[in-house]
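Subject: Structure handover

Hi,

Here is the structure I promised to pass on. My notes on it follow below.

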Amino acid sequence: MSYQENATDLGDGEVAALLFEYMPKIAAEHKTDSLLVLMANLGRQIVQADRCSLWLIDEEKNELWTKVAHGVDELRIPLSAGFVGYSLKTGQPVLVDDAYQDSRFDRRSDIKSGYHTTSVMTMPLESDDRVMGVFQAINKVGDNVFFSKKDLERLKLISVYSAKTIESAIRAEALERYAKQLEIKAEELKSAHMELIRILGEVSEFRSHEVGDHIHRVAEISLKLARYYGLSPEEQELIYYVAPLHDLGKVGIPDMILNKAGRLTPEEFSKMKSHSEIGRTLLRESKTDLLCMGADIAGAHHERWDGSGYPDGLKGEQIPLPARICAVADVLDALASPRCYKPAWSEDRVKEEMKNSGGTHFQPELIDILMEHWDEFYSCYKPGGMFIKKGLLPPVQ
Ligand SMILES: [Fe+2]
Ligand SMILES: [Fe+2]
């Protein structure tokens with residue numbers, strides 16, 4: 001019987017209508033296994049087969065796999081199995097009327113499933129000159145019991161379409177996996193980086209003979225100032241992490257100066273002041289935003305708004321903003337905390353001193369912020385006052 005005489009086969013118009021019906025569904029689907037199910041359903045309707053499946057090569061496991069329905073586990077067969085294996089190996093299609101009369105047929109799947117295979121078509125799925133899998137149709141339904149050459153042509157048409165679509169989905173999924181791995185690696189790198197910065201901060205604190213978590217309070221106060229000043233969450237996070245490095249340069253100051261109980265001579269004081277420059281030099285070679293900001297803070301946290309600070313006598317906005325912020329936090333903490341050479345100042349005295357330093361030592365807007373939110377800034381110096389503990393991420397909002 002010729003194809004035209006088979007009344008249940010689809011006409012070209014019906015095939016085109018089916019393709020148009022499936023195209024938007026296929027275009028909207030990006031998951032490979034869902035595409036396999038969609039394509040198989042399309043193939044089944046176009047060639048009027050009882051079963052259709054797209055087998056794809058799994059190069060890692062050296063197997064072919066397919067998904068025949070949503071929610072059903074994937075099926076797997078060896079690369080060389082049956083007609084599918086033949087098409088894969090030779091790149092040739094298969095068109096047989098009775099599988100059991102063909103030596104290439106692998107009966108094991110029928111035995112396992114209790115299904116009876118009769119007519120079979122397979123078509124290699126080719127993309128970029130390589131065979132990526134095989135489209136298989138089993139058991140013709142309708143008036144005819146055999147697949148025709150026309151069915152094979154139609155299977156070829158769907159195979160070309162399927163191969164391109166599935167290839168794109170596989171690439172997109174691989175890219176997505178790669179992007180996720182990169183994201184995980186970036187997170188790991190970031191935490192390693194932050195951990196190193198934290199350790200550097202601890203070294204700096206130890207070397208500076210600062211006690212009582214000075215650097216952690218400076219970090220928290222700087223973070224709050226940065227937030228009220230309107231810096232972005234990313235900038236707030238950076239400043240929180242690098243503020244503890246403000247005195248890193250003290251690693252280069254001799255013990256006899258750092259440990260001296262009495263007043264420093266002018267030469268010793270000059271040497272002590274060089275910690276700004278040393279800190280900046282240590283950090284400025286870095287290409288990361290984090291350490292660049294660290295270099296700005298280490299190098300300019302003793303500059304003053306009126307230009308009377310050191311090491312460069314920078315004035316006003318010439319001083320990098322993170323250094324202006326950290327300077328307020330550093331001095332506030334120095335005044336409000338007890339040191340070996342002085343007790344903690346009273347709250348009123350600290351507040352008065354900070355207020356009077358706006359426009360001379362510090363940027364006036366930063367002092368305005370400090371005064372406006374004084375209770376919040378000063379809360380960590382009150383009994384039971386809390387501040388962010390070591391190693392915790394800042395509550396950036
Ligand atoms: Fe300093
Ligand atoms: Fe400090």
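The protein chain has 15 helices and six strands. Please keep in mind that this is a predicted model.

Overall shape first. The radius of gyration of the protein chain is 37 Å, well over the 21 Å that the globule rule gives for 397 residues, so the chain is more spread out than a compact globule. Along the principal axes, the C-alpha atoms fill a box of roughly 110 × 40 × 40 Å. Of the 397 residues, 35% are buried. Take the contacts between residues at least 6 apart in sequence: 62% of them join residues at least 24 apart.

Now the cores. The largest nonpolar core holds 42 residues. Which of them touch the most other members? They are Ile239, Ala243, Ile297, Ile325, Val328 and Ala329. Seen by helix, at least two residues of this core come from each of α6 (214-229), α7 (233-242), α10 (275-284), α11 (289-300), α12 (321-336), α13 (347-356) and α14 (364-372). The biggest contribution is from α12, with nine residues.

Leaving out residues up to four places away in sequence, Ile325 touches Ser222, Leu225, Ala226, Tyr229, Ile239 and Leu366.

Best wishes

Technical notes:
Residues are numbered from 1 along each chain as its sequence is written. Chains are lettered from A and ligands numbered from 1 in the order in which they are written. This is a predicted model: local features need pLDDT of at least 70, side-chain atom pairs count only at pLDDT 80 or more; totals for chains, interfaces and linings use all residues. A nonpolar core is a set of buried Ala, Val, Leu, Ile, Met, Phe, Trp, Tyr and Cys residues joined through C-beta atoms within 7 Å. A residue is buried if 20 or more other C-beta atoms lie within 10 Å of its own, exposed if 12 or fewer, and partly exposed in between; C-beta atoms are placed from the backbone. Helices (H or I, at least four residues) and strands (E, at least two) are DSSP runs, numbered from the N terminus. Two residues are in contact if their C-beta atoms, placed from the backbone, lie within 7 Å. The radius of gyration is taken over C-alpha atoms; the globule rule is 2.2 Å times the number of residues to the power 0.38.
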